[in-house]
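I am opening a notebook on a structure that is new to me, and I want to record what I look up, entry by entry.

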Amino acid sequence: HEQLEEMWGENNTEYQEKIRQAVSSTRGIYLTFEGLPIEACFFRVSAGRTRSAGTFLGQGYDYLAAVDCPKDYLSQDYLTQEKYSRTKLEKLLGGTIAQLSYDDSGYVEWVTIVSSDSGESREYTGEWLRKKLKLSSAHITMEEQQDKVFFQVKGAGHGFGMSQFAANEMAAQGADYQTILSYFFQNITFDKYLQP
């Protein structure tokens with residue numbers, strides 16, 4: 001409670017009551033797709049559009065379609081840039097970046113690394129690259145200048161499911177939780193757990 005009081009200050013009581021009401025009004029409700037509970041993934045802010053599950057996540061994730069998040073660029077976390085020397089980058093990745101392959105929303109789906117030792121090419125996911133370089137998302141563009149490599153990154157998080165920033169913007173415009181969730185998770189059903 002002390003952390004919440006420090007974070008929310010004079011609005012602490014009001015915000016805690018809103019949270020209690022939200023939990024109470026949604027108790028027992030869960031989301032399903034074709035009769036099965038969904039994995040309701042979320043992340044901080046998109047690069048302007050969420051990611052489609054496509055072939056990357058495999059079957060059963062059809063409810064994760066790409067949707068526009070037109071106001072996400074307003075987030076302070078929307079755009080970041082990182083810089084690495086070629087030497088440090090090669091050491092971190094075990095080689096050099098030969099190719100970046102993007103999905104329809106502009107996130108790196110696959111990265112091809114040419115090994116420094118063997119010269120062999122290996123493919124890794126964009127999430128692997130993001131974590132190795134401590135980037136905020138896999139929506140990456142890369143620019144090489146002399147002995148430096150610059151990474152421009154849009155968004156924060158994996159990009160699948162619900163952008164918390166966009167959801168908050170929708171709520172501020174009066175959208176209820178069902179409208180928000182139905183926007184980010186396509187063709188879902190709201191089911192209720194019946195307690196015995």
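**Entry 1: glutamate 127.** I began with glutamate 127, which counts as buried because its relative accessible area is 13%, where buried means under 20% relative accessible area, exposed over 50%, and partly exposed in between, with a 1.4 Å probe and protein chains only. Glutamate 127 sits in helix H4, residues 126-132; helices (H or I, at least four residues) and strands (E, at least two) are DSSP runs numbered from the N terminus. Not counting residues up to four places away in sequence, glutamate 127 touches Arg51, Ala138 and His158, and contact here means heavy atoms within 4.5 Å.

**Entry 2: what kind of model this is.** I note that this is a predicted model, in which local features need pLDDT of at least 70 and side-chain atom pairs count only at pLDDT 80 or more, while totals for chains, interfaces and linings use all residues. Residues are numbered from 1 along each chain as its sequence is written, and side-chain values use heavy atoms, with hydrogens and water left out.

**Entry 3: the whole protein.** I looked up the overall figures next: the protein has six helices and eleven strands, and its C-alpha atoms fill a box of roughly 60 × 45 × 30 Å along the principal axes. Of its 196 residues, 33% count as buried. Among contacts between residues at least 6 apart in sequence, 56% join residues at least 24 apart.

**Entry 4: two loop residues with positive phi.** I then turned to the backbone, keeping in mind that most residues other than glycine have a negative phi. Lysine 134, in the loop between H4 and strand S8 (139-145), has a positive phi near 55°. Lysine 134 counts as exposed, because its relative accessibility is 71%. Glutamine 146, in the loop between S8 and strand S9 (148-154), has a positive phi near 50°, and with 74% relative accessibility it counts as exposed.

**Entry 5: serine 46.** Is serine 46 buried or exposed? I found it buried, with a relative accessible area of 0%, although its place is in a loop, the one between strand S3 (42-43) and strand S4 (79-85). Leaving out residues up to four places away in sequence, serine 46 touches Cys69, Asp72, Tyr78, Tyr107, Gly155 and Ser163.

**Entry 6: phenylalanine 165.** Phenylalanine 165 lies in helix H5 and counts as partly exposed, at 22% relative accessibility. Apart from neighbours within four places in sequence, its contacts are Arg44, Val45, Lys71, Asp72, Leu74 and Ser75. I also checked its separation from arginine 130, which is 35 residues in sequence and 20 Å in space, C-alpha to C-alpha.

Entry 7: Which residues of H6 are buried? They are Ile180, Leu181 and Phe184. These residues cover an arc of only 90° around the axis, so they lie on the same side of H6; the arc is that of the directions from the helix axis to the C-beta atoms. They pack against S1, strand S10 (162-163), H5 and strand S11 (189-192).

A nonpolar core is a set of buried Ala, Val, Leu, Ile, Met, Phe, Trp, Tyr and Cys residues joined through side-chain atoms within 4.5 Å. The largest one has 18 residues, of which Ile38, Tyr63, Leu64, Met162, Phe184, Phe185 and Ile188 touch the most other members. S1, H5 and H6 each supply at least two residues of this core, and H6 gives the most, with three residues. I noted a second, separate core of 15 residues, which includes Tyr84, Leu89, Leu129 and Ile140.

**Entry 8: the largest pocket.** A pocket is an open set of points on a 1 Å grid over the protein atoms alone, where a 1.4 Å probe fits and protein lies on both sides within 12 Å along at least five of seven lines; lining residues have an atom within 4 Å of a point. The largest pocket is lined by 23 residues, of which Ala22, Thr26, Tyr177, Ile180 and Leu181 lie nearest its centre. Helix H2 (12-25), strand S1 (29-33), helix H5 (164-172) and helix H6 (177-184) each supply at least two lining residues, and the largest share, five residues, comes from H2.
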